[in-house]
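Trainee: I would be grateful for a close look at a single part of this model, with the rules behind each term stated as you go. Please begin with the charged side chains and continue from there.

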Amino acid sequence: MTEDGYTKRLDDIRCWIGSLWESVNDGNVSAKDILEELDGMQSDLAFIIDDFVDLEIDELIQNNP
């Protein structure tokens, strides 16, 4: 994934958090729904971080034969 790809995915999660925040403020979401949303965000963030770390390791290996 490119730097723009990471930026886009992180921005998507930021928007997702903002939407959840608004729903919580409006009282339109249950605790169960909040937990489900947070679980999805955690999964997405974990994937992004793992992918980024793998990319960084691959670049280090390629640049240091």
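Mentor: Arg14 and Asp11 are three residues apart in helix α1, so about one helical turn separates them. This is a predicted model, in which local features need pLDDT of at least 70 and side-chain atom pairs count only at pLDDT 80 or more, while totals for chains, interfaces and linings use all residues. Residues are numbered from 1 along each chain as its sequence is written, and side-chain values use heavy atoms, with hydrogens and water left out. Helices are DSSP runs of H or I with at least four residues, numbered from the N terminus.

The side chains of Arg14 and Asp11 form a salt bridge, with N and O 2.8 Å apart. The term requires a side-chain nitrogen of Lys or Arg within 4 Å of a carboxyl oxygen of Asp or Glu. In general, side chains of opposite charge can pair when their charged atoms come close. Arg14 counts as exposed at 51% relative accessibility, whereas Asp11, at 33%, counts as partly exposed. These classes follow from relative accessible area: buried is under 20%, exposed is over 50%, and partly exposed lies in between (1.4 Å probe, protein chains only).

Helix α1 also holds the pair Asp12 and Lys8, which are four residues apart and thus separated by about one helical turn. Their salt bridge brings the closest N and O atoms to 2.8 Å, and Asp12 is partly exposed at 36% relative accessibility. By this rule the structure has three salt bridges. Another of them joins Lys32 and Glu36, with 3.4 Å between the closest N and O atoms. Both of these residues lie in helix α2, four places apart, about one turn of the helix. Lys32 is exposed at 58% relative accessibility, and Glu36 is partly exposed at 45%.

The helix itself may now be considered as a whole. Helix α1 covers residues 3–26, 24 residues in all, and reaches 35 Å from its first C-alpha to its last, close to the 34 Å expected. That expected span is 1.5 Å times one less than the number of residues. After α1 comes Gly27, whose phi is positive, near 75°.

The buried residues of α1 are Gly5, Tyr6, Ile13 and Leu20.

Leaving aside residues up to four places away in sequence, Tyr6 touches Met1, Ile48, Asp51, Phe52 and Leu55, where contact means heavy atoms within 4.5 Å. The structure holds one aromatic pair. The rings of Tyr6 and Phe52 have their centres 5.3 Å apart and their planes at 90°, so the pair is edge-to-face. Tyr6 in helix α1 and Phe52 in helix α2 are 46 residues apart, so that the pair links distant parts of the chain. Rings of Phe, Tyr and Trp (its six-membered ring) pair if their centres lie within 6.5 Å; planes under 30 degrees apart are stacked, over 60 edge-to-face, and the rest tilted. Tyr6 counts as buried at 7% relative accessibility, whereas Phe52 is partly exposed at 38%.

Terms used: Helices (H or I, at least four residues) and strands (E, at least two) are DSSP runs, numbered from the N terminus.
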